[in-house]
Every structure is written in structure tokens, then in C-alpha cells.
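Work through the following exercises with the sequence and the model at hand, and try each task before reading its solution.

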Amino acid sequence: MTDIDRKSLSKPHEIHTRRFGRNAGTALCLVGFCAVVFGLTVAKIQDGGLMEAHDHQPRASVLPVTEGTDQ
């Protein structure tokens with residue numbers, strides 16, 4: 001084996017271990033954020049109530065009831 005081949009099989013460089021630590025921290029933050037969003041979603045679903053989106057369209061459930069109209 002040449003000297004280059006032996007270097008590539010040796011232990012990783014110090015910068016790779018630091019980079020792994022940063023990547024692991026970023027991954028944990030991302031997983032935590034996803035857990036918070038998932039938890040809020042589950043809490044909203046378990047709360048019940050109307051699950052209507054706010055899509056800037058008039059909804060029948062929020063229109064006032066007027067007398068004299070056929071519904």
C-alpha cells in the first residue's frame with residue numbers, strides 16, 4: 001500500500017469529528033421542531049371543533065342567518 005492509501009484508512013481528521021457534532025446538533029434541532037409541530041397538530045385534532053381552513057372564501061357556517069330566505 002502507498003502512503004496515501006494508509007492515510008485514508010486511518011482515523012478521521014479532527015475537523016470531521018467537529019462537523020459530525022454540528023450535524024448531530026442540527027439533526028436534533030430539526031427532530032425537536034418536527035416533534036413540536038406534530039404535537040401541536042395532534043392537540044388541535046384532539047380539541048375537536050370545526051376544522052375549517054382559512055382560505056379567504058365565504059363559508060356557510062359563518063354567514064349570518066337572515067329571515068325570509070330559503071335554506
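The protein exposes about 7100 Å², of which carbon and sulfur atoms supply 64%, with accessible areas taken from the Shrake-Rupley method with a 1.4 Å probe and, for residues, only the protein chains shown counting as cover. This is a predicted model, in which local features need pLDDT of at least 70 and side-chain atom pairs count only at pLDDT 80 or more, whereas totals for chains, interfaces and linings use all residues. Residues are numbered from 1 along each chain as its sequence is written, and side-chain values use heavy atoms, with hydrogens and water left out.

**Exercise 1.** Describe the secondary structure and the burial of the protein.

Solution. Begin with the DSSP runs, where helices (H or I) need at least four residues and strands (E) at least two, numbered from the N terminus; the protein comes to two helices and zero strands. Next, apply the burial classes, in which buried means under 20% relative accessible area, exposed over 50%, and partly exposed in between (1.4 Å probe, protein chains only). Buried residues make up 0% of the 71 residues.

**Exercise 2.** Find the salt bridge and place its partners.

Solution. A salt bridge requires a side-chain nitrogen of Lys or Arg within 4 Å of a carboxyl oxygen of Asp or Glu, and the structure holds one. R18 pairs with E14, their closest N and O atoms being 2.6 Å apart. Because these residues are four apart in helix α2, about one helical turn separates R18 from E14. With a relative accessible area of 42%, R18 is partly exposed, and E14 is likewise partly exposed, at 45%.

**Exercise 3.** Identify the nonpolar surface patch that includes L30.

Solution. Take residues with over 30% relative accessible area and no salt bridge, then join nonpolar side chains (Val, Leu, Ile, Met, Phe, Trp, Tyr) within 5 Å, while like charges are joined within 9 Å. L30, F33 and V37 form such a patch, with about 310 Å² of accessible area together. L30 lies in helix α2, which covers residues 14-47, and counts as exposed because its relative accessibility is 53%.

**Exercise 4.** Count the disulfides.

Solution. With a disulfide defined as a pair of cysteine sulfur atoms within 2.5 Å, the count comes to zero.
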